[in-house]
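User: I'm new to this one and would like to learn how to read it feature by feature. Could you walk me through it?

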Amino acid sequence: VSANPSAQPAAATRSPHSPQAAPARPLGIITGTPLGLALVARLTADDRPVQACPATAGAAELEGLARACELLVIDAEPGQLPPLARALGEVTDGNHRLAHTVRGVTADGLTAIELLRQETPVRRLGVIAGPLGAADLLAARPTAAVVASRHPEVVDELAAALSTPRLRIYRGRDPLGVELSQGLVELVTFACGVIAGLGFGEATRALLIVRAVRELGRIVVAAGGEPQTASGLAGLGALLVRAHDSGGAAYRLGQAASHGQANDDETGRAQTEALLRTARALRELSRQKKVTAHVVDGVADLLGGTKTPADLLAGLMAIPVLDD
Amino acid sequence: MFHFNDLRPEIVAEVTRRVVQLRQSAAATRIEEQLAYVLNELVMHETKRLRHVKPPDTEEDRRRVQELGRALGRGAGDDELMPLLERQVRSYADDIAGTFSVSAYKVASQVLPSVLSLLMTPQNLSQGLLHLGSLQNRVRIEGDLVQLRHLAAKGTLVVVPTHLSNLDSPLIAFALEQAQLPPMTYGAGKNLFTSPLTSFFMRRLGAYKVDRRLKFGLYKEVLKSFSQVVLERGLHSIFFPGGTRSRSGAVERKLKLGLAGTALTAYIENLKQHGPDARRCYFVPVTLNMPLVLEAETLIADHLEEVGKNRYIIEDDEFSRLGRVATFVKKLLTMDAAIEVRFGQARDPFGNHVDEVGGSHDRRGHAVDPMRYVLRHGAPEHHRGRDEEYTRELGTLIADDFLAGTSVFATHIVAHALMQHLEKQLPGADVFQRLRHPREQSIHVMDLASRVERVRDAVMAGAARGLGKLAERASSQDGRALIDDALASFAGYHTRPAAERRGDTVVLTDRELLLYYKNRLAHHRPAHEVLS
């Protein structure tokens, strides 16, 4: 009980997708990837109030969005985020609530929430992650995500705004763990592409996924997050989908890397750089926290060009076997 | 604070009203908050505490609780319990609230430092009365004091200092007076009111009593409500956000802010009552830095025994022995620039820095309106989960301010180098094995001087990264001088010195004390890396 008689409870109990729980003002979505576009389409089809603008929008358009919407979702590639965050810093204030879907770290090695805290006056920040993908959203197939924030309003309001009969939103209080999960999922998706490219089977993939989830759990806990985040929707949930998603960028890059193919196009190079940044950031974090991280180390070496796919595999298979 | 006595009855009444109203509304909505449950908890705790009444508790305290217990025993209804609750709450609020005496303040702020200096440094008598104010010479006060004076006039200051010693309270009071900042209210453990001398001044200088023995919910509600009501009325306050003295000697990293969090609640309440022009609250981080700590031996022993939590109130440490306090103060007063008090840049309750006129600015320096952080549907509103999170985030930022404002003295650098040496001499040993290993450990003074200089350089370089600053008195010293300074500081105060010179070597004579002083650099990775 708060010392103030008019204080509100920390978290209200709400039905998963009751219309009364949805905010009256539209949800603003800044779209930088197919996921954002699919989210807008899904919510619009389900009669949810949504206002969208592209991640490449000019200042006036962003300002219009920020005026109309107090609750915002940023869907962007890691490379798009720094200029977007700076632009948002000009049009947002302390009353906004903001969550992102960015997978991986930015050029400065910061997580998206850290960057948004630096570049904007917004304090109520969160992250959306999990198995939800553009194809499932567009096809109205049941899917799910987790909204994680230390601020209960971000979780409650986004859960209300995003929940539909086909999209189940779970609540989380571990945004750092979810952001780390997003980064590691990208790396493991890349590694799954390598495995597929080398012609290995499901057993190899299962081995990689399970060890990666354990590794993620250790890193998350060492960084101050919650142990169950790794095996939740943002970790294992996302991995089970993305590890088979041969259409995903990280997976395709892994397949190409298994054949020693370089990415000559600008998008491929940017995506490879983003993966490498994430791998290095996670490796640095695991070293700082004195956590063993074989998968992160291996992928970082492969992306950095210091190991071949064969070296990586041989190295991972040679690690002393521990209890499962 | 000068009007505190006029406000006191109204503050006690308002605290009582709020807590009773809160209990009424909670009892009406939640079965586990029923009045009988809450009062039963109180009676259970209080009966145990008051089994043997001794000062500062009174027979009246026991009678009140016994009456409450009898009413609960015969199954009294809310109509009968409510007045008893109100009486109990009023009693707690009245006990918590201190008083303020202008004459006591004048004595404490003007006469006491000089008298203390005279008493503790009689050698200065030979130099005439010019040296009466030598305490001022020993304490360096840094920070943008002009800005803080402006902010004190415009809003409510919430001063949050680091906490190493029971001497921190008089030190911060002295520093505020020297900085020409107004007197402030502050919470002090009720155990400190048992000494006649400290009690005389604390009762009259705006201190409010925090009885740490009372761990039940109702008392904490009264305490929080008192703090909030005081802040709403614009009374500047001091809170030690670490909650208790740092046992390990490390700079506090995990701040709960606790009562300081009521500043945000007070700000929102003022916004609701007065609109956008409501009086704002400004958090001012302060680091209190000394080369020696009065209670170091007891604190590190407590830390090592891992009973810090159980011995939250230490009543038998060096602070309780007047002779030790006198020796300690004398030791400090014979050292130039021995104490550094550093005021950090003020922040609003959301962690934004504040400018001279009280405006908030985000990390890029852009002006922001703090009211926007607490709006719901266009109006300021309390929200427990949100406000707790704002306060937690503020605690993280203030902890960083503490690191940046920490002064590193020769004692810290030399202790760090000596303990790193010990670690290398006993590879694979854990901290307890290192502390208790029977073999005497020493190091050649030239070798130590070289290591000390490397640590000093790392500290100087780390200042730009917010890892703390080299203390002024250490800034012009080379390795040998730093060692001499540290050994001179260690000698003559603690039961035995942490380290001492024997010929060309320095011997680690009290490893626990060395660990305590070394821990001041526990956060400083570069200082570790230069010796690894």
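User: Let's start with a strand. Which residues of β3(A) lie on one side and which on the other, and are they buried or exposed?

Analyst: Some ground rules come before that. This is a predicted model, where local features need pLDDT of at least 70 and side-chain atom pairs count only at pLDDT 80 or more, while totals for chains, interfaces and linings use all residues. Residues are numbered from 1 along each chain as its sequence is written, chains are lettered from A and ligands numbered from 1 in the order in which they are written, and side-chain values use heavy atoms, leaving out hydrogens and water.

Analyst: Now the terms: buried means under 20% relative accessible area, exposed over 50%, and partly exposed in between, with a 1.4 Å probe and protein chains only. Helices (H or I, at least four residues) and strands (E, at least two) are DSSP runs numbered from the N terminus. In β3(A), A:L71, A:V73 and A:D75 sit on one side, A:L72 and A:I74 on the other, and all are buried. That's five of five residues, and the strand is mostly covered.

User: Which strands does β3(A) pair with, and which way do they run?

Analyst: The general idea is that strands of a sheet pair through backbone hydrogen bonds, either parallel or antiparallel. Here, two strands pair if DSSP finds at least two bridges between them. Four bridges join β1(A) to β3(A), and these run parallel; A:I29 stands opposite A:V73 there. Toward β4(A) there are also four bridges, again parallel, and A:L71 has A:R97 as its bridge partner.

User: What is the order of the strands in the sheet of chain A?

Analyst: Seven strands make an open sheet in the order β2-β1-β3-β4-β5-β6-β7, with mixed pairing. β2 (50–54) and β7 (167–172) of chain A stand at the edges with a single partner strand each, so one side of each has no neighbour in the sheet. On average, neighbouring strands of this sheet are turned by 25° against each other, direction ignored. Axes here are lines fitted to C-alpha atoms, for helices over the stretch in contact, and angles run from 0 to 180 degrees between N-to-C directions. Further along, four bridges join β4 (residues 97–100) and β5 (residues 124–129) of chain A in parallel, with A:L98 partnered by A:L125.

User: Which strands does helix α6 of chain A lie across?

Analyst: Contact means heavy atoms within 4.5 Å. Helix α6 (residues 152–162) of chain A lies across β1 (27–31), β3 (71–75), β4, β5, β6 (143–148) and β7, running at about 175° to β7(A).

User: How many helices does chain A have, and what is its radius of gyration?

Analyst: For 324 residues a compact globule would come near 20 Å, and chain A has 20 Å, which agrees. Its C-alpha trace spans about 60 × 45 × 35 Å along the principal axes, and 53% of the 324 residues are buried. Among contacts in chain A between residues at least 6 apart in sequence, 71% join residues at least 24 apart.

User: On to chain B. Which strands are joined to β7(B), and which way do they run?

Analyst: β7 (residues 339–343) of chain B has five of its five residues buried. Four bridges join β1 (residues 139–142) of chain B to β7(B) in parallel, with B:R140 opposite B:E340. Another four join β6 (residues 281–289) of chain B to β7(B), running antiparallel, and B:T287 stands opposite B:R342.

User: How are the rings of B:Y92 and B:Y219 arranged?

Analyst: A pair of aromatic rings is described by the distance of the centres and the angle of the planes. Rings of Phe, Tyr and Trp (its six-membered ring) pair if their centres lie within 6.5 Å; planes under 30 degrees apart are stacked, over 60 edge-to-face, and the rest tilted. By this rule there are ten aromatic pairs over all chains. B:Y92 and B:Y219 have ring centres 5.4 Å apart and planes at 85°, so the pair is edge-to-face. B:Y92 is in helix α4 (residues 78–96) of chain B and B:Y219 in helix α10 (residues 217–232) of chain B, 127 residues apart. Both are buried.

Technical notes:
Rg over C-alpha atoms; globule rule 2.2 N^0.38 Å.
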